[in-house]
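This report covers selected features of one protein chain, from single residues up to totals. The sequence and structure come first.

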Amino acid sequence: MSTDYNYDDKGQFFPYFILTLSGLVLVPLTYSTFAPSKRPGLSKIPLLKDSTYKPPNGDLIDAARRRQAKRERRLKRFTSIIVGWVLFAYMVYLIATAAENVEGKIWDPYDILGISTSASEKAIKSHYRKLSLKFHPDKIRPTENQTVDMLNLHFSELTKAYKALTDEEIRNNFVQFGHPDGKQAFSIGIALPVWIVSEGGSYYVLAVYGLLFGILLPYTVGRWWYGTKKHTRDGVLMESAGSLFRIYDENTDEKKLVSILTVGEEMKHVTGGKREKEWIGSEEATIERKIREAGVPERELAALQELDGWQRRACGLLWAYLYRVDLGSEKLENAKLDVAPAAVALNKSFHAISLAYSNTLPILASMSLNQSLVQAIAPDYSPLLQLPNFTNEIVAAVEQDGGKNHWTVQRFMACPDDKRRKLCVGQKLLSEKEYEQAIYFAKNLPALSIEDAFFKVMGEKYITPSSLVQFVVKCRIIPPGSKAPVIDPKDLLDEDPEETDVDALLGRKSSRPSQSKTGEEVPTTPLAHAPFYPRAYAPSWQILLADAKQAKMIVPPQAITSFEKSTDNFAVQTFKMQFQAPPQPGEYTFVMHCISDSYLGVDTRRSVKLVISDPSKVEKIIEEDEISEPDEDSIVGQMNAMRGGASVGKKKAVKSHDSSEEEESDTEGEQAVEESETDTDTDTDEE
């Protein structure tokens, strides 16, 4: 059998080639685009109950959000998918409607004769006689579209098919080789469209394949690979992460961090880069003049003077955003709104770098600055500015102390309603409608209240050196001004999971639950109320343990992004963090920080004590507990007897040589019990 490789001069196989390639690309691309994400997207997170409040320049903020939503829709990918499936459908159409190529078909005598495969030899002969009378060249005349050669060829095929079914030798050739003439040569056509393989189009063959496999495919793969390596896990450019790493300082606070974030390349894209020439000196001067008139402290202005170029512009825009300064220009306002999300992304990258160094100050600074960026409130300013319609003048009227002791929303809502109205409602203050808007959001502000926090070792009564410790946090959402019901003591207990629950034993479900036991979607908190932030933002909390003396992080932050139970009924939520206990017995005092990444004034700081027991004392206590048997008349004693155990009416005495040693042993036992009671005391003291 010979083979002949040539071009598909009829374009018969080209649709199959395109169909296969497009299918290999479209199926995974479509699935990755439309498959449900394991992590809830922003579109699936409920909104905080709506209100009629609109911040100043609300139209520009809404436009910035629409621009971001347009980017997130990935129009290029969706367009590519639509075009690809249209091409896929067209190739299917070409295959379905293509004219049959005799050379490419499998030779079938039954199909040629138009007879059933179950027909007998007698029926085949009878059918062939009828066809002979109808299609014999001597019996039929050619039409306009036929020639004598075509008629002869057709009758020859009929005769060959008849002999393949009746003649023994020809039939053997057909059975063995699929053709009555024996082995046949076949050709493999290279799948190219007709216009390429037509006369004079041979030069296009190398051009098409060279473009496809020499340029387009390497470019696509290289761009994908470079794109995966271009950004970090936090979504910032690798170059930006490197700049933040080099400029990291363990003494960084929130205000210093604002200047640090301007080194990111994302800031350059907003305020410079290809549009560097669009920024003229008068616009830069406008930014600095506006923020100076807004009362920005000299420290921030001095830090601004130390920068130049696009970093100086970015820093000025960032301070203008944090102080809610109206720059008086649509171009500058759009740049101010675009610089805030870039700062949030860079801040998350700086936070990841800070975690690697374990220094508490920059870690807390990055968390605190994230709150300020989401709420558009400058560091060290009042949390009351989160409330709708609240300005610096309203805050000053409420606090009445010159800003020395800022009020939280909880403190504001703890005041009686008549006192609140007296403080912030009136001439040059809030109107009744504006006041109701502020109170509405205050009552829906998700404040996480820590009800209890303690350490434990799964399945053990005592914590021993180097054991795997769980830090259990019991909390619930209590909005400001709400009266939460008294907690059931059972809700503050933490029962060990069953031995068959491997995920719970390994701590996989302890910190970030994704679904309930019934498989239902876990309720999540609403999107953050951030009217000045030009993006939709999902709030979360982070819990970490730190050593206050060394200013070091002991246990990395654990993010809380969802809750197992509904937060509308003040249900107690449980979160756990696992770490290895210190190698030496003793008492260790840590500081627990529970910090929101979206709201100011709702953070919790609490001292927690971890008691590591001496293993020798623990063994002694356990031995004394084991030799203590229940009374024979008690239910426990009867059950023990049924199991074959001994039942005695009193505690077994430890063998000793004299009474003095026995008394000394009893005293040591009492001391051990007292020490054990102290060891298990892991209650926390709130600061």
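Asn389 is buried, because its relative accessible area of 18% falls under the 20% cut-off. The model is predicted, and Asn389 sits in the loop that joins helix H17 (360-375) to helix H18 (392-399). Its phi is near 70°, a positive value in a residue other than glycine.

Ala551 also has a positive phi, near 55°, without being glycine. This residue is in the loop between strand E5 (541-547) and strand E6 (552-560). Ala551 counts as partly exposed, since its relative accessibility is 40%.

Lys255 belongs to helix H11 (residues 254-260). Is Lys255 buried or exposed? Lys255 is buried, with a relative accessible area of 17%. Apart from neighbours within four places in sequence, Lys255 is in contact with Arg299, Glu300, Trp319, Pro379 and Asp380.

Helix H21 (residues 432-443) can be checked for its length. Its twelve residues, at 1.5 Å a residue, should span 16 Å, and the end C-alpha atoms are 16 Å apart, so the two values agree. Which residues of H21 are buried? They are Tyr435, Gln437, Ala438, Ile439, Phe441 and Ala442. In an α-helix there are 3.6 residues a turn, so residues three or four places apart point the same way. The cover over the buried residues of H21 includes helix H19 (409-414) and helix H20 (417-424).

The cysteines come next. The number of disulfides is zero, where a disulfide needs two cysteine sulfur atoms within 2.5 Å.

| Cysteine | Closest cysteine sulfur | Sulfur distance | Relative accessible area |
|---|---|---|---|
| Cys415 | Cys424 | 9.7 Å | 12% |
| Cys475 | Cys594 | 6.6 Å | 0% |

Cys415 is buried at 12% relative accessible area, and Cys475 is buried at 0%.

For the chain as a whole, there are 25 helices and ten strands. Of its 687 residues, 39% count as buried. Among contacts with a separation of 6 or more, 69% are between residues 24 or more positions apart. The chain exposes about 40,600 Å², and carbon and sulfur atoms supply 54% of that area.

Definitions and conventions:
Residues numbered from 1 in each chain as written. Predicted model: local features only at pLDDT ≥ 70, side-chain atom pairs only at ≥ 80, totals over all residues. Heavy atoms only, no water. Helix = DSSP H or I, 4+ residues; strand = E, 2+ residues; numbered from the N terminus. Buried < 20%, exposed > 50% of the residue type's maximum accessible area, 1.4 Å probe, protein only. Contact = heavy atoms within 4.5 Å. Areas by Shrake-Rupley, 256 points an atom, 1.4 Å probe, with all protein chains shown as cover. Expected span 1.5 Å × (residues − 1).
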